[in-house]
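Good morning, and thank you for coming.

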Amino acid sequence: MSEAITKLDLQGALPLVASGKVRDLYQVDDKTLLFVASDRISAYDVIMENGVPNKGVLLTLCTKTWFEILTKAIPSLRTHFITLDLPPQIPESLRPKLQNRSMQVRKLRILPIEAIVRGYITGSAWKEYQKSGTVHGIKVAPGLQESEAFPDGPIYTPSTKAELGEHDENIHPDQATAIVGEPYASTIASLAVQLYKAAHAYALERGVIIADTKFEFGVDEETNEVVLADEVLTPDSSRFWPKDSYKIGQGQASFDKQYLRDWLVSEGLKGKEGVRMSDEVVQKTAEKYKEAWEKITGSQ
């Protein structure tokens, strides 16, 4: 297995704008950023000490593919994606390492909420529902079983966008409106559900259930349009289940970082800093990510 790239050094070629759990953002010019996906992986809001080789490449190519699929499905959709080509400022020596894990994107004013859409009741939504019959404070149908599809279709369940090291917090859509204001809040809510439905239908035909996913949106300051940003529909931002083993009333096998999460819980390491994944966890997680990518895109 190749070496995981967890730290990126552009040797001063471009100024660093921000560094997140997985991505580092650099300024190309006044209107353009370079998004570089490392092989870092986080679970329960903590970044692991070691990474998953080639994960950044897979996330970037996965996102580019989904942008193409979604733009075909929703012709009015605008995304921040420009190109996978590297800007001329990047020195030749760094290009092999950065190619296909980097995308040039339009600079936007990012709206400070995570636009989560849930088609099935699982994870934190299932926990809340068991206690109060609600999901993000929204009353949903009684008598649902774990992993069941919401009977009235997917629901928009936003969360706050926490600073690095903090936890995102599930909020009611009304709170999201208070944070981002109108007309952005309504546009995000309806667009996120549209995107989820298009992606869900596409993946289902390929044997994958998208149980839930999160989108991020920004505003183009010149046109005031809402634009789809960040990564989309990757195993980092979504819960993918194999359709052939899906069964209501229980947790599901998944093509995402659930293997890592389960390992952390079983080892008593959930939420702890400084955790190094075992070779087996790295390999199994890499396999799951690759399997989802191959099923959805048909790529090897």
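At what angle do the axes of helix α6 and helix α7 cross? Please keep in mind that this is a predicted model. Helix α6 covers residues 258-266 and helix α7 covers residues 279-297. Their axes cross at roughly 155°, and they come within 8 Å of each other. An angle over 145 degrees counts as roughly antiparallel, and α6 and α7 are therefore roughly antiparallel to each other. On the α6 side, the contact is made by Y259, L260 and W263. On the α7 side, E280, V281, K284 and T285 take part. Sorted by class, this contact has four nonpolar residues, one polar residue and two charged residues.

Let me now turn to the domains. The protein is divided into domain 1, residues 16-106, and domain 2, residues 109-297. The C-alpha centres of domain 1 and domain 2 lie 19 Å apart.

Which residues touch the most other members of the largest nonpolar core? They are W66, L195, F215, F217, L228, L260 and M277, in a core of 66 residues. Helix α5, residues 184-204, gives the most to this core, with ten residues. The core also draws at least three residues from each of domain 1 and domain 2.

Leaving aside its neighbours within four places in sequence, L195 is in contact with L70, I74, L77, F215, F217 and L228. There is also a second, separate core of twelve residues, which includes L10, L14, L94 and L98.

I shall now consider the backbone. Which two residues are joined by a cis peptide bond? They are E182 and P183, with omega at about 5°. P183 lies in the loop between α4, residues 173-180, and α5.

Two asparagines are also of interest here. N54 has a phi near 70°, a positive value in a residue other than glycine. The place of N54 is the loop between β5, residues 46-47, and α1. With a relative accessible area of 43%, N54 is partly exposed. N100 likewise is not a glycine, and its phi is positive at about 70°. This residue, N100, sits in the loop between α2, residues 95-98, and β7, residues 102-106. Its relative accessibility is 28%, and N100 counts as partly exposed.

E68 belongs to helix α1, which spans residues 55-73.

R95 lies in helix α2. Its C-alpha atom is separated by 9.8 Å from that of D85, ten residues away along the chain. Not counting residues up to four places away in sequence, R95 touches L86, P87, P88 and I90.

To close, I return to the opening pair: α6 and α7 have axes that cross at roughly 155°. Thank you for your attention.

Methods
Residues are numbered from 1 along each chain as its sequence is written. This is a predicted model: local features need pLDDT of at least 70, side-chain atom pairs count only at pLDDT 80 or more; totals for chains, interfaces and linings use all residues. Side-chain values use heavy atoms; hydrogens and water are left out. Axes are lines fitted to C-alpha atoms, for helices over the stretch in contact, and angles run from 0 to 180 degrees between N-to-C directions. Helices (H or I, at least four residues) and strands (E, at least two) are DSSP runs, numbered from the N terminus. Angles under 35 degrees count as roughly parallel, over 145 as roughly antiparallel, 65 to 115 as roughly perpendicular and the rest as oblique. Contact means heavy atoms within 4.5 Å. Ala, Val, Leu, Ile, Met, Phe, Trp, Tyr, Cys and Pro count as nonpolar, Asp, Glu, Lys and Arg as charged, and the others, Gly among them, as polar. A nonpolar core is a set of buried Ala, Val, Leu, Ile, Met, Phe, Trp, Tyr and Cys residues joined through side-chain atoms within 4.5 Å. Buried means under 20% relative accessible area, exposed over 50%, partly exposed in between (1.4 Å probe, protein chains only). Domain bounds come from an automatic or database domain assignment.
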